[in-house]
Amino acid sequence: MRAASQAQPNIALVKYWGKRDAALNLPVVGSISITLESLWTRTDVRFVPGHKEDRVSLNGRSDEAEGKRIKACLNLLRERAGVDYGAEVASRNNFPTAAGLASSASGFAALVHAGARALGLDLSLAEQSVLARRCSGSAARSLFGGYVEWAHGTLADGTDSVARPLLDAEAWPLRVAVAITSTAAKQVGSTEGMRRTAETSPYQSAWIDTQETDLGVARDAIRERDFDALARIAEYSCLKMHALALAAQPGLLYWNGATVECMHRVRALRQQGVPVFFTVDAGPQVKAVCAPSAIEQVKAALRDVAGVLDVLDTALGEGARAIVPEAVEA
Ligand code: ADP
Ligand code: DP6
Ligand code: CO
């Protein structure tokens with residue numbers, strides 16, 4: 001009753017922010033993302049018949065808050081399998097956790113992918129996407145590789161609020177430079193940030209009303225491999241999401257000075273004709289998405305910004321997959 005899996009974080013180009021059902025984790029808007037290759041979560045799950053407790057370690061440490069969230073995800077898997085066995089879970093991220101690099105996406109995609117197999121559940125990727133969504137919304141998308149859309153859905157039980165692949169990574173192999181400006185965990189996690197935004201931001205209804213148009217524009221840009229169109233819609237969606245969150249009370253300010261400077265640097269490059277655009281999630285890191293030919297120039301420009309600690313470089317990657325358990329601690 002043991003299995004291990006790897007999943008990678010995904011970066012939304014048309015953002016998810018807001019829940020219409022917090023218990024089922026149903027979003028107020030659909031979203032579109034790209035799955036990364038070089039950043040990963042690796043998770044080893046073992047169920048032990050007779051054990052009542054779960055033992056959980058994340059990045060080599062046991063933390064009560066993380067333990068609770070992982071346990072809630074294990075409960076969904078146990079419910080599906082009709083068992084009550086305790087589990088031993090060891091998970092590791094090779095990038096900063098809870099810092100705006102989508103560790104909840106890769107983390108819960110890997111946990112569901114490994115946990116389902118450990119319990120002998122024969123679930124399709126779509127079924128795993130629905131389960132992962134209930135643990136963290138963005139995790140629904142990390143089951144799949146390349147360009148992915150997570151649907152808003154219409155059913156009350158949430159079974160159609162699921163991700164599906166739009167285009168393979170190899171079909172349009174963009175690259176991503178990730179400027180790390182802080183490795184600290186964010187002060188307000190995404191779940192709490194969305195709740196606060198929905199309750200207090202005056203822009204919530206405008207955000208919801210304009211998303212369908214943005215999704216259509218991004219789908220077309222991806223289908224036509226139209227970089228300029230994708231650049232425009234992605235920066236627009238990113239800035240609109242942050243404007244929405246900035247207008248909450250108290251305002252959610254996920255950026256630091258270096259974040260802003262990186263955004264300016266990316267725009268300056270694009271004005272010079274370099275095919276690159278930025279996106280920023282709930283954290284201070286800047287993801288610069290570019291054509292493969294531009295990656296070295298983009299990395300050099302970001303490294304040059306004061307306050308940038310490191311610049312990671314990744315291609316687009318595959319969805320969740322099985323690995324050997326030994327790879328988790330290796
Ligand atoms: P992020 O921007 O990294 O996605 P979130 O606030 O959305 O930040 O979520 C961070 C939370 O996700 C962590 O506090 C933890 O509860 C969970 N998480 C992160 N990595 C993992 C993992 N490998 N396995 C399980 N849960 C994880
Ligand atoms: C800004 O999926 O981390 O990255 O569903 O509460 O776990 P929960 O939130 P999460 O939110 C991600 C928000 C975002 C945008 C996105 O990934 O679409
Ligand atoms: Co997250």
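In the predicted model, the shell around ligand 2 comprises six nonpolar, eight polar and two charged residues. Of the 16 residues around this ligand, those that come nearest are Ala12, Tyr16, Ser136, Gly137 and Ser138. Helix α5, spanning residues 190–200, gives the most to the shell, with three residues. Both domains take part in the shell around ligand 2: at least three residues are drawn from each of domain 1 (2–172 + 318–329) and domain 2 (175–315).

These two domains are those given by the domain assignment of the protein chain, and their C-alpha centres lie 23 Å apart. Their contact takes 28 residues from domain 1 and 40 residues from domain 2. On the side of domain 1 that touches domain 2, the elements giving two or more residues are β2 (10–14) and β10 (163–167). Strand β2 gives the most to this side, with four residues. By class, the residues on this side of domain 1 divide into 19 nonpolar, six polar and three charged.

Helix α6 (residues 204–223) packs with helix α7 (residues 227–246) at an angle of about 160°, the axes being 9 Å apart. Because angles over 145 degrees count as roughly antiparallel, α6 and α7 are roughly antiparallel to each other. Their crossing is left-handed. From α6, Gln204, Trp207, Asp214, Val217, Ala218, Ala221 and Ile222 meet Ala229, Leu230, Ile233, Ser237, Lys240 and Leu244 of α7. The contact between these helices has nine nonpolar, two polar and two charged residues.

How values were computed:
Residues are numbered from 1 along each chain as its sequence is written. Chains are lettered from A and ligands numbered from 1 in the order in which they are written. This is a predicted model: local features need pLDDT of at least 70, side-chain atom pairs count only at pLDDT 80 or more; totals for chains, interfaces and linings use all residues. A residue is near a molecule or strand if its C-beta atom, placed from the backbone, lies within 6 Å of it. Ala, Val, Leu, Ile, Met, Phe, Trp, Tyr, Cys and Pro count as nonpolar, Asp, Glu, Lys and Arg as charged, and the others, Gly among them, as polar. Domain bounds come from an automatic or database domain assignment. Axes are lines fitted to C-alpha atoms, for helices over the stretch in contact, and angles run from 0 to 180 degrees between N-to-C directions. Angles under 35 degrees count as roughly parallel, over 145 as roughly antiparallel, 65 to 115 as roughly perpendicular and the rest as oblique. A crossing is left-handed if the near helix is turned anticlockwise from the far one by less than a right angle, and right-handed if clockwise. Two residues are in contact if their C-beta atoms, placed from the backbone, lie within 7 Å.
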